[in-house]
Amino acid sequence: MKTLRYILLLLLVLLVPFGQAMASASETDEKEKVDVKDVIFSHIKDSYSWHLFSTNKRHYSIYLPVIVYSKEMGGWSAFSSRRLEHGAEYNGYHISETSGKVVYINGEGAEVRPFDMSYTKVAMSLTINALLLLAIVLCCGRWYRKHDSPSSKVPGGFVGFFEYVVTMVGDDIIKPGVGPEYKRYEPYLLSVFFFIIMSNLLGLIPIFPAGANVTGNISITMFLALCTFIAVNVFGNKEYWKEILWPDVPVFLKCPLPLMPLIEFFGILTKPFALMVRLFANMMAGHVIILSLTCVIFVTAPMGAAINGSMTVVSILFMVFMNMMELLVAYIQAYVFTMLSSVFIGMSRPKEHIEKKE
Amino acid sequence: MDLLLPEVGTLIWMLIAVGIVFFILIKWGFPMITKSVDQRKEYIDASIEKAEQANSRLEGIRQECSDLLDQAKKERADILQDAARLRQEILQSAQQESKEQGEKIIAQAKAQIEIEREEAIRSIRAEIATLSVAVAQKLVEKELDDSKEQKDLTNKLIDQIVK
């Protein structure tokens, strides 16, 4: 308790001059006000460059390639996003003020989006995450290849930890969810789990190779949900389809007007949709909260040293708390996604009903 | 609002990067780990079963051992009992025999003594007779007047000597 008090005091002492400096800085150029919304959304949304850090003089970013296709503009074109910096135009393309995406002006003078498959921040980030995951799994796999007799020792260190998590996910989530045929789906579900938790955790680290909002991007969660959708509906057995198209309910509910089949059919779509939205909303909200708390420091800078200093302390305390919470959420969301995916897969492979009628 | 709209470009990159990575992971990555873990699990289960079997066998051997020991103990007790009985018997018979022997010896000795006594008496009697004859001779030599008195004296003398 005493130590905590000292830490707080130290924070306060350190932060007051910082706040004062901020305050004086903001007094000198009043026009550079902190646009909280812009800060937050520029982080949450995808972007064509990856901002690393800024000094007083300039911003340092990685400019990622823009790859667009448009018939009107003469097919494919690929160039560095540096050429579009600060609203500049290149090859007829520029970054729209309103949407933040690459657009061109068509014949009628309207902004039109080309087919855009730029290697954006999220794309790069997901590549890094995927490769990191691949490296981790293959490194662990190498250990097993080296020690492939079953009488060899149990792995220790990182491989042991990884094995622990893998068996935990396998035994606690996948096995009860999928049921007897779980071996077939286990690798896929494990991949999903580890990709999500990796992306979630890396999203919490604010410096370069990590820190992008990957799982808080709806395209990513949509892809993952689609994978589960395919796993459920492509590998679903006859009984599963029978339960959707001709469920075991009184005939009037399905014969003249296919009420139940319709509801069941919507179930097919809502399940992956819920998966998609849950992960996206949770991760995005976490990023928004942490960024907002960070912004509190800079928003209160013009209000004087006392308010700014105290608000800084409060904000940092909350940020520490929220980051802890986000660590938990990172795990929970990966857990929930995998668990629901396994349950949906398990439901898609029901056993033949034994006639229950007496 | 565009936050909620999926981006085709991102989806394509996701499909490429994550698709390839997932393919590798599903094909080689995770099965290797789970297979190893399963193999180890089976190995451990088999080992436990083996250990249990060995244990039960050991238990059987131990039971056998204790049975054997019990039997040996019983046999030893029997043998000891037999030995004690035998000793008792031998002792008894020896005693009996020695007693009989002793009795026999005593009887023999008694008979011998009797015979010898009789012999002695006889010889004494003869001696006495001789003696008395001698005494009588002496007396006769001295005077043979009162024969009655003499006879009484003689008898008295004999009795005295014999006694």
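Chain A of this predicted model splits into domain 1 (59-116) and domain 2 (121-348), with bounds that come from an automatic or database domain assignment. Taken over C-alpha atoms, the centres of domain 1 and domain 2 of chain A sit 33 Å apart. Residues are numbered from 1 along each chain as its sequence is written, while chains are lettered from A and ligands numbered from 1 in the order in which they are written. Local features need pLDDT of at least 70 and side-chain atom pairs count only at pLDDT 80 or more, whereas totals for chains, interfaces and linings use all residues.

Next comes a sheet. Three strands of chain A form an open sheet in the order S4-S3-S8, with antiparallel pairing (strands are DSSP runs of E with at least two residues, helices are runs of H or I with at least four, and both are numbered from the N terminus; two strands pair if DSSP finds at least two bridges between them). Strand S4 (75-80) and strand S8 (115-116) of chain A are the edge strands, each pairing on one side only. S3(A) and S4(A) are joined by 6 bridges, and Ser70(A) stands opposite Gly75(A) in S4(A). Their hairpin has 4 residues between the strands, and Gly74(A) there takes a positive phi near 90 degrees. Strand S3 (residues 65-70) pairs with S8(A) over 2 bridges: Val68(A) faces Asp116(A), and Tyr69(A) has Phe115(A) as its bridge partner.

Now for some helix packing. H5(A) and helix H9 (residues 305-348) of chain A pack at about 160 degrees, with axes 9 Å apart; axes are lines fitted to C-alpha atoms, for helices over the stretch in contact, and angles run from 0 to 180 degrees between N-to-C directions. H5(A) and H9(A) are therefore roughly antiparallel (the label for angles over 145 degrees). Among the residues that meet here are Leu189(A) and Phe193(A) in H5(A), and Leu327(A) and Phe337(A) in H9(A). This contact of H5(A) with H9(A) divides into 14 nonpolar, 6 polar and 1 charged residues; Ala, Val, Leu, Ile, Met, Phe, Trp, Tyr, Cys and Pro count as nonpolar, Asp, Glu, Lys and Arg as charged, and the others, Gly among them, as polar.

Finally, the two chains meet: 41 residues of chain A are in contact with 32 residues of chain B, where contact puts the C-beta atoms, placed from the backbone, within 7 Å. Helices H3 (121-146), H4 (157-178), H5 (182-204) and H6 (218-234) of chain A each supply at least two residues of the side that touches chain B. H3(A) gives the most, with 14 residues. That side of chain A has 24 nonpolar, 11 polar and 6 charged residues.

Key:
Parallel < 35°, antiparallel > 145°, perpendicular 65-115°, else oblique.
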